[in-house]
Amino acid sequence: MLLELKGVQKRFGGVTALRSGDLSVDAGEVHLVMGENGAGKSTLMKIIAGLHQRDGGEMRWRGQPVNFANPVEAAQMGIAMVHQESLLAPHLTVAENIFLGREISNRLGLVDRGAMLEKARKLIAEHRFPLQADWKVDRLSPAGKQLVEICRAIQHGTSLLIFDEPTSSLSEAETHEVFKIVRTLRDRGTGVIYITHRMDELRSVGDRVTILRDGETVHSEAMSTLSTANMIRYMVGREVAALYQREPVPPGEELLRVHNLSAPPSLHDVTLTLRAGEITGMAGLVGAGRTELCRAIFGLDHPSNGQIWVAGKQTAIRSPRDAVRHGIALIPEDRQKTGLARELPIAWNVTMAQTPARYGVLRHAAERDITKKAIDRLRIRCDGGGQKAGRLSGGNQQKVVISKWVSRGARVFLFDEPTRGIDIGAKVEVFEVMDELARQGAAILMVSSELPELLQVADRILVMRQGRLAGELPGRTTQEAIMRLATLPSSETELES
Amino acid sequence: MKTVQRLLPFITLIILVIALSLATPHFLTATNLSSVVRQTAVFNIMALGMTLIIISSGVDLSVGSILAMGGLMGTMAMAKGQPILVGVITGIVTGGVFGLMNGLAITRLNISPFIVTLGTMGIVRGLALVVSNGLPVHEIPKSFSYLGEGTVAGVPFVLLLLVVCAALVHFLLEHTRLGRYTFAIGSNVDAAIYAGIPVKFHTTAIYAIGGLLTGLAGMIEASRLMTGQPTAGQGYELQAIAAVVIGGGSLRGGEGSVVGTLIGGFIMGLLANGCDLLGINPYWQQVIIGAVIILAVSVDELRKRRAV
């Protein structure tokens with residue numbers, strides 16, 4: 001037994017990220033860790049890699065109880081992690097990043113760039129990565145950065161390597177290369193922990209699987225005996241999320257029309273209409289231009305071409321301020337960075353888009369009133385409007401972001417990945433809020449990479465591919481139909497239709 | 001426990017007062033206290049503007065230079081025969097104009113406040129020297145000294161000015177839309193933009209207000225020295241920043257208060273005064289004050305980390 005965790009706990013402020021994490025990894029196995037967003041996988045991995053310290057539970061390394069105060073201590077034991085989001089120094093070269101913190105020095109104690117470059121080149125050639133050792137890292141694509149992280153981990157001869165969704169940003173060919181590396185490492189006796197969301201990947205690399213749900217380990221079994229249906233059942237657990245299905249209402253008047261919107265290179269001739277009462281889903285691969293479309297409609301980016309009509313009137317939207325004035329709301333995909341002022345009270349976040357004031361002087365009573373209504377209406381679980389927004393759980397933070405627009409009386413809602421990083425129960429609540437908004441006459445665009453969620457919530461689904469609308473599907477379509485539209489080259493779809 | 005930690009700057013101030021009154025009989029005298037008030041009023045008024053700027057997650061390094069420029073323009077107006085009131089207003093408006101220019105440069109050129117105000121710190125100081133030919137302005141009406149040295153019913157006039165300014169800025173910060181937006185911009189500027197807040201307009205306004213207060217501080221300084229000095233106010237920007245930070249303001253933005261800043265300012269003033277009274281070598285004073293800044297901020301960080 002290489003690594004064993006029992007009942008590991010971790011809290012962040014009031015939020016419990018991990019209630020009881022169990023995991024045991026042998027040398028020479030690929031151990032898959034699975035679970036929904038927010039199930040606690042990443043937290044568990046970061047505890048193993050020394051990035052977080054556990055609040056409770058046991059951790060043993062080769063039978064000995066261990067405690068890693070920082071990643072260096074974990075690395076000294078031979079544990080390395082390839083991160084989901086790149087943790088590289090962007091202004092250094094590929095070689096310098098591979099050897100970061102363990103530079104090769106010459107006899108004078110100076111950094112030996114030549115030797116580092118040479119070793120890095122050999123490593124890259126050995127795995128046939130599309131990299132050059134002297135490239136600056138900030139020029140690389142997300143996939144390239146991922147490969148650098150992998151090189152770094154391999155170079156330092158680790159006995160346990162953690163991959164946190166390594167292929168989410170990689171191409172097909174690069175993914176295969178990663179699999180090959182994973183298998184080579186396993187055959188050499190390295191333990192590999194592998195986190196992924198992609199079902200198709202599992203069977204090709206995994207030996208055993210451990211499933212987390214709501215911060216707890218719920219199941220662990222050999223990959224060969226576990227059926228996919230059972231795996232999903234363990235992951236989803238409560239059936240509520242899977243069973244939620246929105247009852248569509250007949251769409252009303254047109255609230256937003258976008259005509260031939262272009263913002264090269266990410267958007268080309270996008271035309272769509274959003275109606276009151278309707279939830280329009282939008283699917284597409286990462287980089288298909290969905291976020292860019294939301295940004296362009298919201299006035300954050302400036303389209304080179306195209307018109308926008310709001311409630312039947314042609315409108316120029318040059319800034320978010322214009323968009324907000326016309327009743328358009330954006331719930332951004334990156335809640336922490338662009339949606340929420342974490343350090344400020346809930347009340348201030350709720351009223352941020354419409355601070356009640358007379359002659360510039362705040363009306364505190366009105367603000368309390370608006371906040372109280374928002375908390376009741378969206379069922380935000382908190383200690384009151386004075387609590388800092390950053391202390392809330394992901395789902396409740398999202399509700400605060402939404403309430404900002406509800407209080408403002410927005411009528412067109414652009415939801416960009418509305419359920420990212422929130423747990424299953426809260427997802428359903430977010431769906432319910434979206435449904436309620438639609439019923440009260442709002443038009444909703446729901447961008448999501450979670451196809452099952454789109455199928456549950458959307459009345460119809462638009463699919464984007466390479467900056468263009470690839471097609472429209474009814475709400476009760478299949479994941480396969482969406483993926484076909486999202487991935488096929490345009491000529492083939494045209495033939496089909 | 002939490003309240004105790006939040007009140008820490010205030011408690012420190014009280015302890016400082018008690019310690020100093022026990023240590024030396026010269027401390028708790030009307031003369032000494034009013035001299036402390038006069039000494040601290042100048043950079044306390046500057047620090048009020050700096051509070052707004054730091055909460056918006058900015059910084060203004062040019063306040064020392066703007067203070068000199070404000071004082072200079074005001075006294076030059078008086079030297080040219082303008083009434084005192086016109087002179088004072090000239091000084092305040094001069095400060096406001098340079099603050100406005102800082103704000104415009106930051107928001108329109110999209111350069112970080114640190115860089116812009118580092119530049120204007122030099123530019124404004126240089127302009128002050130050019131305008132005055134490097135020479136102080138002395139031809140000032142005698143009664144102008146009332147601004148910095150006068151009393152109303154035994155209370156220093158500058159203390160009244162400070163209280164009025166502090167009340168105004170406090171009201172601005174806690175009870176107006178501008179104040180609310182200052183917090184929003186400082187806490188998460190992207191979220192503020194996404195919420196449709198006119199971020200550029202309000203950021204510019206914040207620097208302009210900081211400039212007005214600095215202009216007033218410049219006139220008080222000129223009145224205390226009875227000269228318009230192109231070299232006045234050197235290093236004051238650090239004093240003002242320190243007052244804000246000791247009072248709980250965060251250079252990351254989104255945090256700070258007027259009351260905190262005033263306490264921070266008085267702690268700095270009392271430390272300097274205490275060192276003087278106790279005969280501590282002025283070279284050591286700088287060491288002590290520097291150490292207090294670091295200590296105050298690290299205690300504050302510790303409190304926040306534990307709170308999370």
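Figure 1. Helix α15(A) comprises the 15 residues 394-408. At 1.5 Å a residue the helix should span 21 Å, and because its end C-alpha atoms lie 22 Å apart, the modelled length agrees with that expectation. Just after the helix, G409(A) adopts a positive phi of about 80°.

**Figure 2. Strand β16 of chain A and its pairing with β19.** Strand β16(A) spans residues 328-331 and is covered on both faces. On one side I328(A) and L330(A) are buried, and on the other A329(A) and I331(A) are likewise buried. Strand β19(A), residues 412-416, runs parallel to β16(A), and four bridges join the two. Within this pairing, A329(A) has F413(A) of β19(A) as its bridge partner.

**Figure 3. The contact between chains A and B.** Here 24 residues of chain A are in contact with 19 residues of chain B. On the chain A side, α11 (320-325), α12 (335-339) and β18 (361-362) each supply at least two residues. The largest share, four residues, is contributed by α11(A). By class, this side of chain A has 13 nonpolar, five polar and six charged residues.

**Figure 4. Confidence of the prediction.** The model has an ipTM of 0.87 and a pTM of 0.77. For chain B the mean pLDDT is 92, and 96% of the residues of chain B reach 70 or more. Where pLDDT is low, predicted coordinates should not be read in detail.

Key. Residues are numbered from 1 along each chain as its sequence is written. Chains are lettered from A and ligands numbered from 1 in the order in which they are written. This is a predicted model: local features need pLDDT of at least 70, side-chain atom pairs count only at pLDDT 80 or more; totals for chains, interfaces and linings use all residues. The expected span of a helix is 1.5 Å times one less than its number of residues. A residue is buried if 20 or more other C-beta atoms lie within 10 Å of its own, exposed if 12 or fewer, and partly exposed in between; C-beta atoms are placed from the backbone. Two strands pair if DSSP finds at least two bridges between them. pLDDT is the predictor's confidence in each residue, from 0 to 100. Two residues are in contact if their C-beta atoms, placed from the backbone, lie within 7 Å. Ala, Val, Leu, Ile, Met, Phe, Trp, Tyr, Cys and Pro count as nonpolar, Asp, Glu, Lys and Arg as charged, and the others, Gly among them, as polar.
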